[in-house]
Amino acid sequence: MDNKTAGVLRHSMRSYKAKSVTSIQLPPRERRATALTEAGHNVFNLAADDVFIDLLTDSGTGAMSDDQWADVVRGDEAYAGSRSFKRFREAVADVMGFDRVVPAHQGRGAENVLFGALLDDGDVVLNNTHFDTTRAHVTNQGATAVDCPAETDLTTDSVGTFAGNFSTDRGWDAVEEHGQDAVSTVVLTITNNSAAGQPVSMANIRETAAFAAEIDATFVIDACRFAENAQFIKQRDPEYADTPLSEIAREQLRPADAITMSGKKDALANIGGFTAVRDAALFEQCKQRAILYEGFPTYGGLAGRDLEAMATGLREAVQPPYVAERIEQVATLGALLRERDIPIVTPTGGHAVYIDAAALFPDIPADQFPGQRLVCELYREGGVRTVELGSFAFPETDRPELVRLALPRRTYWREHLEHIAETAARVRDRREEYTGLKIVWEPPMEELRHFSAELEPVA
């Protein structure tokens, strides 16, 4: 090692070490095949013990730090006015710039609280791309969800620098179609989970905020991956190259009237969420709705220890070593897959790699769910659980046939990533053997069918 590299941390080396581990094992292939059939070819129905590497979601599945676990012990379980809530509220104010916050049991609870206070029957909600539960909550309030993604083809080899952006041109088209009075809310999801986890630029955040203000709509940011989005801004926007990450994280939320947050993502906790707002009257509405659906506004369906874990996690999430390594690990998995000729969306996003299942399985038509077939075969071949985010998860849309490989935070290592890539390569080699799938049972709410529907192979 020469003088220039002495003492410098290599990018591929983690800045943390393990002090507690969980044993995992790959079930025999015969067991995996049986489990898949018993689950109705839906990996949500699998038992966790039958999974070797779990990439179903990055939500609440990561490893908490020793500081977070220490704060768990210090949790104040008072029903009202606990010191744990005070510490949590201070963290939201310091890290995200919102003083009025209402905790919830997780992100969808926060959506229920906020959208129940904001939306009326007949309203229209615009989003760069609605995720599944967000769309369902909008629909549940009698409103209409309209996607306004940037003009990006997510099936191409390179989608651009900020492919998660909101298209204000499409926003104006929606205003013209539905009427300005109907469009009550504009939501910006950062990063854009349904658009392959792609980031949103600072310029687009401001442009979308200005658009919302011009049509007199409430501007909401879904901030569950705000730290990852801030890191992309720092990396890809020369204007922010020298700006501290914590400042970028706050600045990107500054234009928002309200935010929703799943604490199970960039608050690095295993449970929890919140909504935060600027307006005092809306804050009171959210508090009253929280009492009805979540709990008293100073605990919001959570134990004090969970509030403590989120408070510490929010501060850890904007520390440069952590978030840089987080983005890099996802990119590493993407590179390993590309080396094996697996078609993925590039550049990779912040929390997951997205495989283009239609390109991998060109002979399986969209109405036979090529993405879901890929999900099944990744599990059958290597015990790797992933999730489809195409025509199965989003019926009646024109979403690309993507499969998401979401990496839990601070959980897996290089060897796990290599197993994932090798599993995908074996599936690629056998792709001519696979047929499509058909649904044999689904729940009444179509927007959420992928959580529990059952399928079987097409003969």
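Reply: Happy to! Let's begin with Thr-168, which has a relative accessibility of 11% and therefore counts as buried, since the cut-off is under 20%. Please keep in mind that this is a predicted model. Thr-168 belongs to helix H6, which covers residues 168-178. If we set aside its neighbours within four places in sequence, Thr-168 is in contact with Glu-207, Thr-208 and Phe-211.

Those partners lead us on to the next helix of interest. Helix H7 is made up of residues 202-214, and its axis comes within 9 Å of the axis of helix H9, residues 245-253. The two axes cross at roughly 20°. On the H7 side, the contact is made by Met-202, Ile-205 and Arg-206, while H9 contributes Ile-248, Glu-251 and Gln-252.

The loop between strand E5 (183-189) and H7 holds Thr-191, and the peptide bond leading from Ile-190 to Thr-191 is cis, with omega near -15°. A cis peptide bond also joins Thr-346 to Pro-347, here with omega near -5°. Pro-347 sits in the loop that runs between helix H12 (320-339) and strand E9 (352-356).

If you like to check backbone torsions, two further residues deserve a look. Leu-268 is not a glycine, yet it has a positive phi of about 60°. You will find Leu-268 in the loop between strand E7 (258-262) and strand E8 (273-277). With a relative accessibility of 5%, Leu-268 counts as buried. Arg-410, not a glycine either, has a positive phi of about 55°. Its loop connects strand E12 (402-406) with helix H15 (414-429). Arg-410 is buried as well, at a relative accessible area of 18%.

Finally, some wider context from the record. An unreviewed UniProt entry annotates residues 54-422 as "domain: Aromatic amino acid beta-eliminating lyase/threonine aldolase". In the model, that span is 44% helix and 14% strand, and its end C-alpha atoms lie 15 Å apart.

Conventions. Residues are numbered from 1 along each chain as its sequence is written. This is a predicted model: local features need pLDDT of at least 70, side-chain atom pairs count only at pLDDT 80 or more; totals for chains, interfaces and linings use all residues. Side-chain values use heavy atoms; hydrogens and water are left out. Axes are lines fitted to C-alpha atoms, for helices over the stretch in contact, and angles run from 0 to 180 degrees between N-to-C directions. Helices (H or I, at least four residues) and strands (E, at least two) are DSSP runs, numbered from the N terminus. Contact means heavy atoms within 4.5 Å. UniProt positions are given in the numbering used here, feature names are shortened, and annotations may be inferred rather than shown by experiment. Buried means under 20% relative accessible area, exposed over 50%, partly exposed in between (1.4 Å probe, protein chains only).
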